[in-house]
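Colleague: I would like to go through the labels on this model. For each one, tell me what it rests on.

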Amino acid sequence: MGDSSGRLLLAKVVEPGFCSGCGLCAGICPSSSLMMEYNGKKELVPHIKGHCSGCALCLNVCPFSGEGKSIDEVSEGLYGHLPGVGRLVEAGWFISAQEGHACRGDFRSKGASGGMASWFLTKVLKDGIADAVLSAGPDKARPGSWTFVRTEKPEDVVSLAGSVYHPVPFDEAFRAIMSEPPGIRLSVVALPCLAYGLRKAMRKIPLLGERIVLLASLTCGLMPTHRYSEYVSLESGVLPEEMGYINFRLPPDEPDSGNYRHVAISRDGVPGKPVSVKGIPDFLWGHGCFIQGGCLVCDDVFGETADVVFMDAWLPEYARDTKGNSIVLCRSLLADSIVKGGVSSGECRLRETAGERLLRSQVQTLWIKRLLLQGRLAKLEAEGLEYPRRRVVPDMKVYRENEKYFLLCERLKKAVEELPLETFEDLESFRNIVGHLMVDGADQ
Ligand SMILES: Cc1cc2nc3c(=O)[nH]c(=O)nc-3n(C[C@H](O)[C@H](O)[C@H](O)COP(=O)(O)OP(=O)(O)OC[C@H]3O[C@@H](n4cnc5c(N)ncnc54)[C@H](O)[C@@H]3O)c2cc1C
Ligand code: SF4
Ligand code: SF4
């Protein structure tokens with residue numbers, strides 16, 4: 001690859017806008033020549049800072065580089081041979097799918113959904129399966145940012161419950177894992193793109209593979225940029241420069257589980273006013289605004305390369321149950337036995353979920369990340385642009401059928417990227433301009 005591998009990564013993935021901000025490339029770079037920084041759109045992306053030795057590790061592990069084994073090859077190799085395993089095209093291989101919630105302690109009240117992820121991670125520690133867990137939490141050294149936090153005590157795991165709708169780069173965590181003492185066993189919670197990149201890295205660097213004994217994932221319906229946090233902070237009444245962190249999953253204050261709230265907390269620890277997500281117009285996530293570029297070409301909804309996956313049970317029966325409900329997808333025998341153990345001990349209340357219910361629970365995410373992706377890729381192809389290897393087939397018919405939506409997305413995205421969002425006055429004009437674009441788009 002010569003000494004241009006880092007630049008090739010930038011040219012192939014970052015510059016065309018296909019980076020999800022996972023930070024794996026910066027973490028794995030042996031010459032520390034890549035650094036994660038925000039670009040003008042407030043996406044977190046790698047920048048070249050030093051001499052690139054040309055090792056090509058960054059390119060090999062990047063989930064969007066098209067290098068190495070595909071998601072399907074990796075997941076089939078890990079789980080395709082297991083007894084009792086089944087497969088859904090949209091969800092990958094799995095042994096069991098169950099819906100319900102954690103019963104004891106404060107997992108459910110603190111968790112984003114049914115608290116199953118925190119319960120599971122706690123169990124992994126208590127049963128001595130891993131010595132520590134790495135999952136997302138506020139970055140104490142850099143207020144307004146999030147990082148991977150290492151926890152060894154079950155109570156600390158619970159303190160990190162909730163969803164981080166902000167890029168969480170893995171670069172520092174990667175370096176920290178490599179300098180852990182011999183014999184350490186870790187469990188990592190990664191979004192699907194990071195999980196896939198980590199799987200590729202675990203093959204390249206066997207020590208990493210020995211250390212990560214259990215990889216968990218969250219179902220993912222697009223990752224917002226830092227700009228989304230600035231917007232939420234203003235809506236919450238906290239200036240972005242004074243924001244310490246955001247609790248993205250404050251429970252709803254009405255019987256509608258989908259209307260959870262965001263609340264920004266100032267650097268002095270003062271909470272702003274909660275913002276109901278349904279009060280934020282659909283132009284945001286639904287139109288791909290405030291979204292890391294890579295997410296708009298991502299076709300992995302269910303973390304297909306992770307041992308276990310946690311998600312919201314977005315099903316009609318739970319629509320009014322604001323205590324929260326999860327679906328847990330187990331791909332490995334170890335994950336399955338941990339979850340089944342929780343059911344027999346009465347720590348979790350779960351029942352089997354049929355494949356059709358699993359897909360129904362993610363119908364919106366599947367529409368954006370699988371169906372509309374066919375149209376997005378067809379448009380890129382028509383413009384003669386290259387894009388990362390994907391599993392969905394480009395289809396111009398999908399683009400044409402949704403052309404009005406795609407054109408509105410483009411206009412909104414441009415406005416959202418360009419409008420300042422630093423002051424409450426900025427917020428007012430932002431709302432006006434974007435609101436008008438929405439009305440005009442709907443009229444066309
Ligand atoms: C960007 C994003 C998009 C999502 N999209 C969907 C979706 O479309 N459909 C759906 O059903 N679910 C989605 N989820 C998952 C959902 O928000 C919950 O995280 C999931 O249901 C687990 O809830 P829980 O109560 O079981 O977990 P909790 O008990 O709340 O524990 C969650 C664990 O995940 C860790 N974590 C949270 N955010 C991150 C992150 N960004 N990176 C790494 N670790 C993290 C926390 O540190 C904690 O350990 C998304 C999550 C994220 C972060
Ligand atoms: S997706 Fe991850 S590995 Fe790829 S360029 Fe972006 S930060 Fe680096
Ligand atoms: S949508 Fe895909 S690329 Fe974006 S954060 Fe989620 S898993 Fe990663």
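Modeller: The chain divides into domain 1 (5-224 + 295-363) and domain 2 (365-443). The bounds come from an automatic or database domain assignment. This is a predicted model: local features need pLDDT of at least 70, side-chain atom pairs count only at pLDDT 80 or more, and totals for chains, interfaces and linings use all residues. Residues are numbered from 1 along each chain as its sequence is written, while chains are lettered from A and ligands numbered from 1 in the order in which they are written.

Colleague: How far apart are the C-alpha centres of domain 1 and domain 2?

Modeller: They lie 26 Å apart. The contact takes 19 residues from domain 1 and 16 residues from domain 2. Contact here puts two C-beta atoms, placed from the backbone, within 7 Å.

Colleague: What makes a set of residues a nonpolar core?

Modeller: Its members are buried Ala, Val, Leu, Ile, Met, Phe, Trp, Tyr and Cys residues, joined through C-beta atoms within 7 Å. The largest one has 126 residues, and L24, C25, F120 and L329 touch the most other members. Domain 1 and domain 2 both give residues to this core, so it lies between them.

Colleague: Which residues does L24 touch?

Modeller: Leaving out residues up to four places away in sequence, L24 touches V61, C62, F170, F174, L194, G197, L198 and A201. L24 is also one of the residues that come nearest to ligand 2, with C19, C22, C25 and C62. The shell around ligand 2 has 16 residues. To be near, a residue needs its C-beta atom, placed from the backbone, within 6 Å of the molecule or strand. The largest share of that shell, three residues, comes from α1.

Colleague: Which residues come nearest to ligand 1?

Modeller: G111, A117, S118, G221 and M311, out of 35 around ligand 1. α6 gives the most to this shell, with four residues. Helices (H or I, at least four residues) and strands (E, at least two) are DSSP runs, numbered from the N terminus.

Colleague: Why is L222 called buried?

Modeller: Buried takes 20 or more other C-beta atoms within 10 Å of the residue's own; exposed takes 12 or fewer, and partly exposed is in between, with C-beta atoms placed from the backbone. L222 has 20 C-beta neighbours inside 10 Å, so L222 counts as buried. L222 also has a positive phi of about 85° although it is not a glycine.

Colleague: And what makes S32 partly exposed?

Modeller: S32 has 13 other C-beta atoms within 10 Å, so it is partly exposed. Its phi is positive too, about 45°, and S32 is not a glycine. S32 is found in the loop between α2 and β1 (34-38).

Colleague: Why are β10 and β12 said to stand at the edges?

Modeller: The open sheet has three strands in the order β10-β11-β12, with antiparallel pairing. β10 (243-250) and β12 (275-276) each have a single partner strand, so one side of each is left without a neighbour in the sheet.

Colleague: How many bridges pair β11 and β12?

Modeller: Two bridges, in the antiparallel sense. Strands pair if DSSP finds at least two bridges between them, so β11 and β12 qualify. In β12, V275 is the bridge partner of H262.
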